[in-house]
Amino acid sequence: MALPFKLLLLCGLFGRGCSQSSPVWFQNISTNIFNLSGDILLGGLFHINQLTSNLSQRVEPDNIACNRLSDYGLGLVLAMKYTVDEINANHMLLPGIKLGYEIFDTCRQSAMIVKSTVFFLTGKSTEELSAKCNYTNYETRVAAVIGPFSSEMVSVVAKLLGFFLMPQISYGATSNKFSDKNLYPSFLRTVPSDKVQAEVMVELLKTFGWNWVAVVGSNEEYGRQGLRDFSTIAAERSICVAYEGLMPVYSDSERAFKIILDNIEAANVGVVVIFSIRRTVENFFKEVIRRNLTGVWVASTAWTFDNQVISLPNIHTVGTVIGFTYNTQTLPQLISYTHELFTKLSEERIKKSPLAPKSGSAYLPDPCPQCVNLSPANISLVTDDAVQRTAFSVYAAIYSVAQALHDMLGCNGTGCMWGADSKIYPWQLLKVLKKVSLDMNGTKLKFDSDGNPNIGYHVVEWVWENGNVNFINVGTFHGKLSINKTLFKWHTENSEVPKSTCSAVCEAGQVQRVKGFHSCCFDCIDCKEGTFQATKEDVQCTSCPKGQWSQIRSINCTDPTFGFLSWGKAESIGMMLAGAVLLVCQGSVGVLFLKNRGTPLVSASGGALGGVALLSLMGGCLSLLLFLGQPVDLVCRLQLPLTSIFPTVALSTIMAISLQILYVTEFPQKATAHLDTIRGLGAWLFVLACCGVQAGFCGWFVQEGPLLSEHLAKMKIDFVWKFLSCPVEPMLGFALMAGFNVFLALVSFMCTFMAVKPVQQYNLARDITFSTLVYCVIWVIFIPIYAGLSELSSIVHVCFSLASNMGLVSAYYFPKCHLLLRKPELNTSDYFRTFLEGAPPIPQEEQQPQPGLESESQPEAQPGKG
């Protein structure tokens, strides 16, 4: 059984990060940078140089010139050499086995990388690649391939390596397409895929409310796939991509960058996401700086720490740059290891000793002839921040292969199952490699079924201080994004979070009506009454369920509530005070009439029937109390009938007196003979008849009208709050009841309006004329107000009932009280003889007014006036 391998043990054995002094094995390292012989070889693909040939003039399959050194690529080569040397020094990982390597330059060109890859696939002993039907027992020159860095280069060779099931572990290719194991069965990587990175970017945008963005990518595999992944995920998360652009890679087209930035400016976005390789971003930001553009630039991992971009003049003016880096660790011993290596190179150069070949094959050129001149002065190759952050991915890739070999060969503390005839077949190693699990000084690494690692991200912000840039960790992602917003330093005034939205955020109770082609561009539409906004993402308002309602701009519906004239409300108290004053007045009148019962004035005013009329007015006033408090079925049955029939008693009494006056004044010859009958039994029967008619109307109204509970059950709910009044149904019944009272008042008015005033007698017709006129006017005014304030019908009805009641009392009874209190000497039979005895009125011109009675007995030719 293979021993469980924990790389934490390396720290104790070899001093990785645990000791300030260099490990002993540093003294035995080889100065061969690009190849190292061994029992098992690894192939390394790194972009050591940059293209210097003009590909447009290449017409033959000859060599491509790549003569401009890439410091970044060479730094990663040194990380691979360091890792292999560390593993060889660890006698517990692959005891008795020496791991070797051959490293070649990709130059980021397919023609270059294909040659190296084909060389890796040659037979281990023959350096030839034979055509076979079955490669199961075919042992290749290398056991696994480390690299290349870019997705563009991986896409060139990954399918070829996949045909041989050659393990390929990339330390930088992040395109999500390589997760497809049907197309790339042998591909693994030690960096997350761009799909994960795109998800993190979208989470970042959502965190700050940015939903109107542009995304640009380099026009190669990495940029195109990253752009597609981001746009797809953004659309699923309601983030609108206002513009997508691809930047040229293999040509420095200034015009292309201008067009891209013109479109970004035209889209009016505040946030731009950039999926691009390093050299393309540099040209892009040159144009950004020239235009003096500012905004939020979201950087992919490929260029977050690019020195060439960071060192651009005035790069600090572009605004806020937020980038991503892998949630790994640095290699503390790498710098001291490289220093030792460069020191040895310098010593060998001074001694002029022959240097070992820098390439593993005579068929491939030396990737770096000038590397013989490396010295400790070139230590910046590994101190560069970008190299420091990427070196661990190279380190993890090589260690995962070493751990797979450890498991596959059954290694223990003393040795492995390895002999002179042992063979390493790539497909066997691949099976073990997919199951590898490592713990490297606290960083745990394992691959999922798609060959992707369980590695998250750090979110960093570029912060400039005194002309230097610092990378501030502002968040992390490991399954979930965690952002510390207080650490951000924004480029905006007052350091406020920049905005990047197509439309303002809708307020509660508003839905978004999309305009144009982007869901993020919309108008905010208020939800009308009876509808509500169910969720923030709603594009149309939701209707309230039956039995509920909502006000305008609501986020929910509610059950309706009802208001009523509770006893403690100001309106109720005001009406009760008015009613109390009216009752006091009526009671005072009643007491005064009772005290003077049998006198000519009281007899002329109807006698006992007049007292009944006064009591009915008091009853009408008290019945208005039924409108206070919460309505119930019984109260609603009594409200209108009682407030209608009480005034009928008073008005029918007044009408009976009016008919008497009409009879006396128009038929004086017959009045004397029939006056007792008319004033006695006839008046009582007339009042009873009128009350009977009104009672019929009231009964029909009660019979046909619904109960309050029935009315509420059938009520259409189109309100949140409503004043609850008893149902006035049928409306015809209410009109008949109120109209009958007005009819009585109107007839009374017509009977007395034209009556001649008796000379030197009390003008009883005048009191009836004014009281009935006031009553009619009040209820005529009631009609439009009641119709306009139907929701407050109870309050309107009470107010007009009190007013009409007060009008009758004031106009009919108060003048008589004035005579009883101020001029009791006029309370004589002579002063009321026309109404008591039926004597004909004497024309005004035949009599002279008595002194002192001028105000009471002025002869008048105008009817109805005194």
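1. Leu487. This residue sits in the loop between β18 and β19. The model is a predicted one. Leu487 has a relative accessibility of 35%, so it counts as partly exposed. Its contacts, leaving out residues up to four places away in sequence, are Glu461, Asn473 and Val474. Take Val474: it is 13 residues from Leu487 in sequence, yet the two C-alpha atoms are 5.9 Å apart.

2. Ser495. The loop between β18 (481-483) and β19 (510-514) also holds Ser495. Its phi is positive, about 55°, although Ser495 is not a glycine. The relative accessible area of Ser495 is 48%, which makes the residue partly exposed. The cut-off for exposed is over 50%.

3. Asn441. Here is another non-glycine residue with a positive phi, about 50°. Asn441 belongs to the loop between β14 (437-440) and β15 (443-446). With a relative accessible area of 34%, Asn441 is partly exposed.

4. Cis peptide at Pro148. Gly147 and Pro148 are joined by a cis peptide bond, and omega is about 0°. Where does Pro148 lie? It is in the loop between β6 (144-146) and α4 (151-163).

5. Cis peptide at Pro730. The bond from Glu729 to Pro730 is cis as well, with omega near -5°. Pro730 is in the loop between β24 (721-723) and α20 (731-753).

6. Leu36. Strand β1 (residues 35-36) contains Leu36. Is Leu36 buried or exposed? Its relative accessible area is 8%, so it is buried; the threshold is under 20%. Gly100 lies 64 residues away along the chain, but the C-alpha atoms of Leu36 and Gly100 are separated by 4.8 Å. Leu36 touches Lys98, Leu99, Gly100 and Tyr101, among others. Its contacts also include Val84, Asp85 and Asn88, as well as Ser30 and Leu41. Residues up to four places away in sequence are not counted there.

7. Nonpolar cores. The largest nonpolar core has 111 residues. Which residues have the most contacts inside it? They are Ile33, Phe34, Phe46, Met80 and Phe230. Helix α12 (residues 385-408) gives the most to this core, with 14 residues. A second core is separate and has 61 residues. Phe593, Val728, Ala765 and Leu820 are included in that second core.

8. Helices α7 and α8. Two packed helices are described by the angle between their axes and the distance between the axes. For α7 (residues 254-267) and α8 (residues 278-291), the axes come within 10 Å and cross at roughly 60°. The pair is therefore oblique. The crossing is right-handed. On the α7 side, the contact uses Phe257, Lys258, Ile260, Leu261, Asp262, Ile264 and Glu265. On the α8 side, it uses Thr280, Asn283, Phe284, Glu287, Val288, Arg290 and Arg291. By class, the contact of α7 with α8 has six nonpolar, two polar and six charged residues.

9. Helices α21 and α22. How do these two helices run relative to each other? The axes of α21 (residues 764-788) and α22 (residues 793-822) cross at roughly 170° and come within 8 Å. The cut-off for roughly antiparallel is over 145 degrees, so α21 and α22 are roughly antiparallel to each other. Their contact has 18 nonpolar, six polar and two charged residues.

10. Helices α17 and α22. Helix α22 also pairs with α17 (residues 633-666). Here the axes come within 12 Å and cross at roughly 20°. That angle makes α17 roughly parallel to α22. The crossing is left-handed. Leu640, Thr643, Leu651, Ile654 and Ile657 in α17 meet His797, Leu808 and Tyr812 in α22. What classes make up this contact of α17 with α22? It divides into six nonpolar residues, two polar and no charged.

Key:
Residues are numbered from 1 along each chain as its sequence is written. This is a predicted model: local features need pLDDT of at least 70, side-chain atom pairs count only at pLDDT 80 or more; totals for chains, interfaces and linings use all residues. Side-chain values use heavy atoms; hydrogens and water are left out. Axes are lines fitted to C-alpha atoms, for helices over the stretch in contact, and angles run from 0 to 180 degrees between N-to-C directions. Helices (H or I, at least four residues) and strands (E, at least two) are DSSP runs, numbered from the N terminus. Angles under 35 degrees count as roughly parallel, over 145 as roughly antiparallel, 65 to 115 as roughly perpendicular and the rest as oblique. A crossing is left-handed if the near helix is turned anticlockwise from the far one by less than a right angle, and right-handed if clockwise. Contact means heavy atoms within 4.5 Å. Ala, Val, Leu, Ile, Met, Phe, Trp, Tyr, Cys and Pro count as nonpolar, Asp, Glu, Lys and Arg as charged, and the others, Gly among them, as polar. A nonpolar core is a set of buried Ala, Val, Leu, Ile, Met, Phe, Trp, Tyr and Cys residues joined through side-chain atoms within 4.5 Å. Buried means under 20% relative accessible area, exposed over 50%, partly exposed in between (1.4 Å probe, protein chains only).
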